[in-house]
Amino acid sequence: MSTLDVIPDSGTAPPTATEPVSLRTVGRRFGDHEVLRNLSLSVRRGETLVMIGESGCGKSVTLKLMISLLDSTSGNVYWEGRRVAELSRAERDRHRLRFGYLFQNSALFDSFDVFENVAFGLREAGDRGEADIREVVVERLEEVGLEAEICSKKPAELSGGMRKRVALARALALEPAVMLYDEPTTGLDPVMTGVINRLICQVRRRRPVTSVVVTHDLSTVRAVADRVVMLEPISRLAADEPQAIFSGTVAEALASNDPRVAAFMQGGGASLEREAG
Amino acid sequence: MLDRVESVGDFSMFAFGVLGQLVSGRPRRRVLLETMYVVGVGSIPVVVVTGVFIGMVLAVQGYDSFHHLGMETRIGSVINVSLVKELGPVLAATMLAGRVGSAMAAELGTMRVTEQIDAIRALGANPVGQLVVPRFLACFLLIPVLTIVADTVGIVGGWVFSTQALDVNSHFYWAHSRAFVTAFDVFAGLIKSVFFGGAIALVACYHGFHCRAGAKGVGRAATVSFVVSFVAILALDFFLGLLLNTTYRLAYPQLPSLL
């Protein structure tokens with residue numbers, strides 16, 4: 001096994017209060033199906049961490065663990081050094097507002113129009129007047145490059161790229177400290193992929209946000225990543241091997257000697273060769 | 001077997017969660033009104049049509065036996081007692097389970113599959129409070145109204161068919177009906193309907209929330225929700241009927257009873 005070039009992740013050190021999210025030896029199974037095993041990872045404040053890996057290696061599940069939409073079946077998730085499992089439900093709900101989550105298929109509420117979708121979190125917070133909410137909604141929509149006229153449309157009337165941008169505006173409405181992006185460019189054309197990549201960078205330039213991006217898309221990796229972490233499906237891991245097989249910069253990932261990282265970073269060809277033996 | 005026990009436990013936890021949310025906050029007015037419109041106004045046509053037919057069917061089926069005994073004017077009492085105590089509430093509940101319950105399970109199932117339920121949580125809201133409470137309230141509050149509609153149109157249907165097609169004397173038809181149908185019968189039917197409505201909403205929302213992935217999962221949630229609701233309606237009908245009859249006999253021991 002070639003792990004010579006693996007940059008040790010801070011994942012094995014004790015979590016600190018300066019890390020918005022840390023995972024330590026986390027495992028997750030659904031019934032008999034094990035998705036995550038022995039995953040340790042730290043997200044450093046202010047960085048844009050891109051998680052790559054084959055489909056089914058547990059990237060999206062990891063994001064859901066990070067925001068506590070799912071609980072781990074073993075190991076611990078920490079928010080700013082505090083164990084999530086020890087927090088009360090109310091504390092978790094409150095802290096979760098510090099996260100923004102862009103869902104894979106946008107997950108806009110079908111029965112609400114665009115305005116109500118973006119305003120949802122603001123209304124739930126309950127501390128703003130209607131005029132204030134309208135102002136924030138229009139501001140966020142402008143930030144993602146959408147006109148205020150779109151407000152009265154239902155999600156079903158929008159294209160995939162527009163839905164993604166509305167979902168991004170909704171996730172940004174509460175000014176999150178951590179943005180989690182679940183495959184933000186999947187299913188989009190190359191032009192829209194470029195737009196979304198630029199938006200992810202722009203979001204980060206405008207505010208002191210920490211970002212975690214799950215993607216298969218190499219253009220996203222190149223455009224946004226400060227650090228790349230690669231997860232390997234557990235079926236291919238040695239018994240005691242950690243699931244995050246690589247952590248380093250994009251350049252380091254591109255230069256990696258590990259065939260698994262190289263296969264991913266250089267497209268599918270090497271991966272096919274590996275499968276063929 | 002263990003799975004069954006586990007799902008009963010899950011369902012109970014879910015129901016308590018709904019009760020908790022009912023107590024802790026009021027649903028958004030607009031969402032509640034929209035849901036009530038779909039549940040209430042949307043169900044009226046189908047309840048009216050089925051109610052009329054049930055009333056007429058009772059007349060058709062009961063007439064021969066009563067005619068044979070020369071007591072056809074008493075048919076009104078049988079039709080009306082059956083309607084207000086049993087058929088009206090059960091019919092309204094069945095229609096609600098079929099029309100609204102499965103749609104709720106499918107809608108919430110789709111929301112689960114497309115991560116909209118996760119999105120609600122990620123935005124700091126409680127999905128049970130947002131999605132289940134308005135649906136529960138709409139079913140719980142409106143099913144008595146639908147039951148009254150089913151009772152009324154059934155009574156009218158039975159009466160029209162008996163007097164116009166079967167030539168039963170209208171005056172005696174009503175006289176016998178009044179003698180047999182008590183306010184308690186109507187009340188018992190309405191009490192039962194409230195339980196039916198609550199059960200339908202809880203079962204539908206539970207199956208929607210625990211929907212498996214994909215279109216197949218959503219379809220299955222809708223089907224299972226209807227089947228379970230229907231069984232729950234009949235089981236509740238039996239046990240509540242028993243309970244209400246016992247209560248009635250305890251309150252009025254001097255009155256004759258079938259049991």
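**View 1. The buried area between the two domains of chain A.** In this predicted model, domain 1 of chain A and domain 2 of chain A together bury about 1,100 Å² between them, and 65% of that area lies on carbon and sulfur atoms.

View 2. The domain assignment of chain A gives a domain 1 made of two stretches, 1-98 and 177-277, while domain 2 covers 110-175. Taken over C-alpha atoms, the centres of domain 1 of chain A and domain 2 of chain A are separated by 27 Å. To the contact, domain 1 of chain A brings 17 residues and domain 2 of chain A brings 12 residues.

**View 3. Charged and polar pairs across the interface.** Two salt bridges are found across the interface of domain 1 of chain A and domain 2 of chain A, and three residue pairs are found there in polar contact. A salt bridge also joins A:Arg207 and A:Glu143, whose closest N and O atoms are 2.9 Å apart.

**View 4. The side of domain 1 that touches domain 2.** In chain A, the elements that give two or more residues to this side of domain 1 are strand 7 (178-182) and helix 6 (190-206). Helix 6 of chain A gives the most, with seven residues. Sorted by kind, the residues on this side of domain 1 of chain A comprise 11 nonpolar, three polar and three charged.

Terms used. Residues numbered from 1 in each chain as written. Chains lettered and ligands numbered in written order. Predicted model: local features only at pLDDT ≥ 70, side-chain atom pairs only at ≥ 80, totals over all residues. Heavy atoms only, no water. Domains from an automatic or database assignment. Contact = heavy atoms within 4.5 Å. Buried area = accessible area lost by both parts, 1.4 Å probe. Salt bridge = Lys/Arg side-chain N within 4 Å of Asp/Glu carboxyl O. Polar contact = N/O pair within 3.5 Å; in protein donor to acceptor, adjacent residues only side chain to side chain. Helix = DSSP H or I, 4+ residues; strand = E, 2+ residues; numbered from the N terminus. Nonpolar A, V, L, I, M, F, W, Y, C, P; charged D, E, K, R; others polar.
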